[in-house]
Amino acid sequence: MFSNVISEADVLKVAKLAHIKLSPEKIVIFAKQLEPILEYFAKLNQVNVEGVVPTYQVTGQKNILRQDFIDTKRMFTQAQSLSNAPQSKNGFFITKSISKK
Amino acid sequence: MLLDKSILELAAGLRQDEFTSVDLVNECYDNIAKYNDKINAFITILPRETAIKQAQSVKLTSPLSGLPFVIKDCFNTSGITTTAASHVLKNYIAPYDATVYKKLLTAGAILIGKMNMDAWGHGGSSENTDFGPVKNPWDTTRVAGGSSGGPAAAISARMAVFAIGEDTGGSIRNPAAWCNITGLKVTYGRVSRYGSIAYASSFDTVGPMAKTAQDCAIVLETIAGVDPYDATSSPISVPSYSTLLNKKVSDLTIGIPDEFFQAGLDPEVKTAVLKVAEDLKNAGAKIKNLSMPLFDYGLAIYYLIGPSETSSNLARYDGIRYGQGREFFTDETTRRILIGTYALSAGYYDAYYKKAQQVRTLFIEEYKKALTKCSVLLQPITPTQPPKIGELMSDPLQNFLADIYTTSQNPIGVPSLAFPCGFTKTGLPIGAQLVGPMFSEDLLLNIGYQYQQLTDNHLKSPLSKGDLEGLKPKP
Amino acid sequence: MTITPIIGLEVHVELKTKSKMFCGCNASHFHVEPNTHTCPVCLGLPGALPVPNQVACEWCIKLGLALGCTINQDSFFERKNYFYPDLAKGYQITQLQKPFAVNGKLDVDGRLIRINRVHLEEDTGKSQHVGGETLLDFNRSGVPLVEIVSEPDLSSPEEAKKFLIKIQQIVRYLDISDADIEKGSMRCEPTVNLKIDNVFTPLVEIKNVASLTGVLNAIQFEIDRQTKQFQEDGITKATGEKTTRGWDADKSVTFLQREKEGSADYRYFPEPDIPPIVFTKDQIEAIRATIPELPNAKIVKYKALSLSDYDANLLAENLAFSAIFEKILGGSTNPDFAKFITNLLIGPLKTIEITIDKINPLYFQNLFDKKSDLSSSVIKQLILESYQTGTDPLVLAQKQNLFQVSDTGALQDLAKKVLAANPQAVADYKKNPQSIGFLIGQLMKASGGSANPQVVREILEKLLK
């Protein structure tokens with residue numbers, strides 16, 4: 001059974017997990033908009049899934065592996081790696097420092 | 001108009017010197033100049049001079065050689081801006097090629113545009129875009145459908161010979177229906193996803209969009225096949241689809257799942273779609289009504305699993321290695337990320353995500369069972385006629401419910417062919433879809449081709465009067 | 001107060017495959033220009049897709065087998081979702097529910113330490129914090145890592161260090177990684193708490209431990225710190241909570257990095273882009289067949305040859321040493337011969353680069369047979385020369401006239417001369433028989449170092465009676 005009500009606190013928590021900054025107004029709006037959608041998901045409670053194995057992939061394939069060799073065709077030069085970087089220095093991407101992980 | 005011709009006719013014409021590839025390119029760019037402002041199908045129009053140069057030097061080695069095409073802007077095309085219709089990737093210049101794009105270049109096709117779409121694939125109307133909505137060529141106050149709205153509108157308005165779209169929950173089929181063109185959602189894994197900006201990894205498919213099933217068959221032959229860069233791509237050999245279109249439909253049974261034709265389906269749409277069964281019956285096919293009781297749950301499993309996967313796929317957009325920051329996501333995209341993050345989060349995973357994947361298993365069984373009773377399933381594509389611009393965006397729940405007929409096929413992986421099957425009283429296109437077992441593209445394209453020999457909806461174009469007036473069908 | 005440390009270790013080993021875990025980029029990243037070993041996949045570009053490296057999978061299984069694990073024939077990858085600038089995709093592809101290997105054990109000096117899992121994942125890029133900026137290099141992004149997680153069975157810092165050394169040895173024996181802690185190809189995070197009488201202190205995970213000594217010191221510091229802290233606040237462990245502390249090697253302290261948190265919400269889900277992996281029993285056995293005899297087994301074997309703990313451990317330290325030792329030993333079970341070889345190898349093994357092909361076991365046997373005729377220092381010198389020149393050491397000994405003088409007659413005369421020349425030493429001996437060493441030394445010198453020391457002693461003792 002899952003709770004169908006999504007509170008503003010939930011939205012804030014989830015937005016943080018998703019690294020999305022939301023204004024207080026947006027949090028209120030999204031909570032309102034998401035609620036009927038989450039309620040819709042309650043439909044699935046009507047389905048008996050006891051003993052049913054989840055399907056994560058539909059290919060039915062297994063063991064799609066690559067040999068251990070260096071694929072020079074696909075490797076970038078430093079310039080290519082950095083070609084879309086908003087900021088770079090001495091071959092590195094740069095970002096403002098944040099707290100350690 | 002040259003662009004009214006089929007791919008086979010164009011290929012023959014080029015080889016017989018009736019016209020040149022340059023002529024085709026020019027006609028496309030003339031139509032773009034005339035109509036794109038009203039339709040807004042393109043995000044990036046490639047320089048005309050470049051296309052002409054390619055057309056001048058092209059070698060006619062494949063049926064697609066020398067033919068101008070467009071591609072949804074979610075495919076990486078080296079050296080060309082690739083945005084997925086989001087300002088997050090406004091300045092992203094792809095440093096590599098999507099496999100499907102590479103294959104088309106090798107075949108000598110000429111890219112002329114990166115097309116407008118719902119950002120990241122998130123939508124069914126091409127309004128969730130940072131580049132302005134795509135307008136329906138049949139009525140520019142209405143949506144073209146989505147998320148591959150740009151490609152569909154471009155084919156419809158004769159701006160390109162064929163297009164490559166991407167379908168995760170109806171994104172090829174929906175705009176095909178509303179723009180009156182033919183589009184193929186392939187079996188999951190039939191065409192490589194490498195280089196296609198991911199929406200939902202276990203749903204996304206890459207497929208052809210063109211005027212006819214035969215055109216789609218020719219494009220599919222070129223783009224299908226296993227790719228060592230995509231571990232989900234299928235090693236099953238690629239049939240010569242274009243040579244398999246001639247079987248008559250008299251051996252076939254068309255299944256009609258009752259639950260797909262209940263309340264909530266526009267009566268004109270219902271009539272037009274069911275008429276497909278009649279037309280095929282007249283050609284010798286059998287019809288069988290059957291039940292698919294899980295129909296009601298398809299939308300829920302799609303909208304739980306899809307956003308979950310997308311919330312993860314979009315985590316790479318942090319503005320450090322490329323692109324801009326996450327504050328540029330639209331509201332619709334943000335909502336999907338939030339739903340997905342929520343469904344995967346601790347305490348909710350079992351009830352939402354895992355449960356959806358379990359119902360998915362049951363759905364796979366249900367489709368398998370239904371397809372033992374018939375050769376293919378006939379289903380509507382959209383519950384309504386093309387809405388006015390702004391209608392769907394104003395109501396997230398309505399927007400969500402609009403995908404009801406096209407969201408069960410992707411979680412299963414089965415292919416579906418979308419094709420024109422009629423018009424509303426007011427001249428708006430209606431489409432139908434035929435869904436088959438895994439890797440039955442040959443069957444679907446065969447039936448589509450046969451159907452298109454018996455009907456002419458697919459031949460109609462919004463340009464018939466020369467300035468985009470909708471075509472009113474004869475009473 | 002009875003204090004029992006409870007220590008678990010999480011070890012990451014960087015595999016030395018040629019290419020990365022999910023793409024064909026060159027996996028080497030040490031002293032490489034930044035961002036030159038990247039591609040759409042490991043740079044996390046839009047539209048890129050992962051394809052797993054077969055060798056990395058096999059090596060993970062190989063390590064799992066070497067650690068006594070059960071191999072999951074059906075295995076799959078999952079996404080661990082979190083944000084950090086050096087995590088290109090915003091998720092790490094790793095394993096959770098079905099890792100390649102589970103439930104192993106490792107004998108550390110007679111104590112069986114349980115291994116919870118051995119699984120495969122990808123590494124992140126490297127971040128360097130300079131000024132207010134972070135510099136990012138993605139050469140390391142996507143390099144294969146094997147993660148080994150022990151149960152909290154370790155009971156002391158020393159035991160933890162020994163466990164690590166053993167893991168390092170095994171990994172090197174399997175030739176799947178350099179496992180160099182200083183270079184970062186082996187990393188370790190201890191988790192420490194204490195059982196104090198009947199309660200438990202809160203769990204602390206220690207990061208940034210960059211050497212074996214660091215492991216020792218960091219764990220010891222934590223034990224002491226937690227003891228003090230408990231005495232102050234009496235706070236006990238809360239389920240699912242873990243604090244992260246960093247080790248500062250310069251100040252020799254751990255410092256708080258992250259406040260107590262529940263397990264972070266990584267929203268794991270099975271990786272949709274990668275089909276599951278199935279290894280058959282035959283394939284797993286084929287991998288097992290490539291595992292050489294491992295250090296612990298070798299140590300047991302060497303101790304059965306009466307080698308000391310120290311010597312047995314040294315020879316088993318790496319595959320090269322043990323191979324050299326075993327080549328020379330041949331099939332011999334003679335403990336004296338084993339000891340003889342060991343004494344000759346101990347020094348050179350650590351100081352010279354020895355090519356096993358240049359070793360001729362026969363030469364060692366020859367010297368062993370003639371060991372009573374040569375002094376030990378001469379033997380050491382001969383074997384070295386023989387290795388360098390490829391000549392039979394006995395031939396060298398003959399040429400250089402090194403055979404020990406055991407001829408007692410000649411020695412007697414020399415002995416008498418030595419005693420006459422050293423009256424003070426003789427007097428000292430009469431007072432203290434232990435001081436005979438000096439006279440033995442003198443006689444050895446007089447005989448050119450070639451006298452048999454045992455014989456020398458006997459002669460002197462007789463004369464001095």
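In the predicted model, the side chains of A:Lys89 and C:Glu133 form a salt bridge, with an N to O distance of 3.1 Å. The count of salt bridges between chain C and chain A is one. Polar contacts across this interface involve 28 residue pairs, both residues of each pair being at pLDDT 80 or more.

C:Glu133 also takes part in strand pairing. This residue, in β9(C), is the bridge partner of A:Lys96. Strand β2 of chain A, residues 92-96, runs antiparallel to β9(C), and four bridges join the two strands.

The interface draws on 56 residues of chain C and 36 residues of chain A. Several elements of chain C give two or more residues to the side that touches chain A. These are α1 (54-66), β8 (126-130), β9 (133-137), β15 (253-261) and β17 (277-278). The largest contribution comes from β9(C), with five residues. By residue class, the side of chain C that touches chain A holds 28 nonpolar, 17 polar and 11 charged residues.

Interface size is often expressed as the accessible area lost when the parts come together. For chain C and chain A, the buried area is about 4000 Å². Carbon and sulfur atoms account for 58% of this area. Within chain C, the residues that lose the most area to chain A are C:Phe83, C:Tyr84 and C:Pro275. Together they supply 13% of what the chain C side buries.

Terms used
Residues numbered from 1 in each chain as written. Chains lettered and ligands numbered in written order. Predicted model: local features only at pLDDT ≥ 70, side-chain atom pairs only at ≥ 80, totals over all residues. Heavy atoms only, no water. Contact = heavy atoms within 4.5 Å. Buried area = accessible area lost by both parts, 1.4 Å probe. Salt bridge = Lys/Arg side-chain N within 4 Å of Asp/Glu carboxyl O. Polar contact = N/O pair within 3.5 Å; in protein donor to acceptor, adjacent residues only side chain to side chain. Nonpolar A, V, L, I, M, F, W, Y, C, P; charged D, E, K, R; others polar. Pairing = 2+ DSSP bridges.
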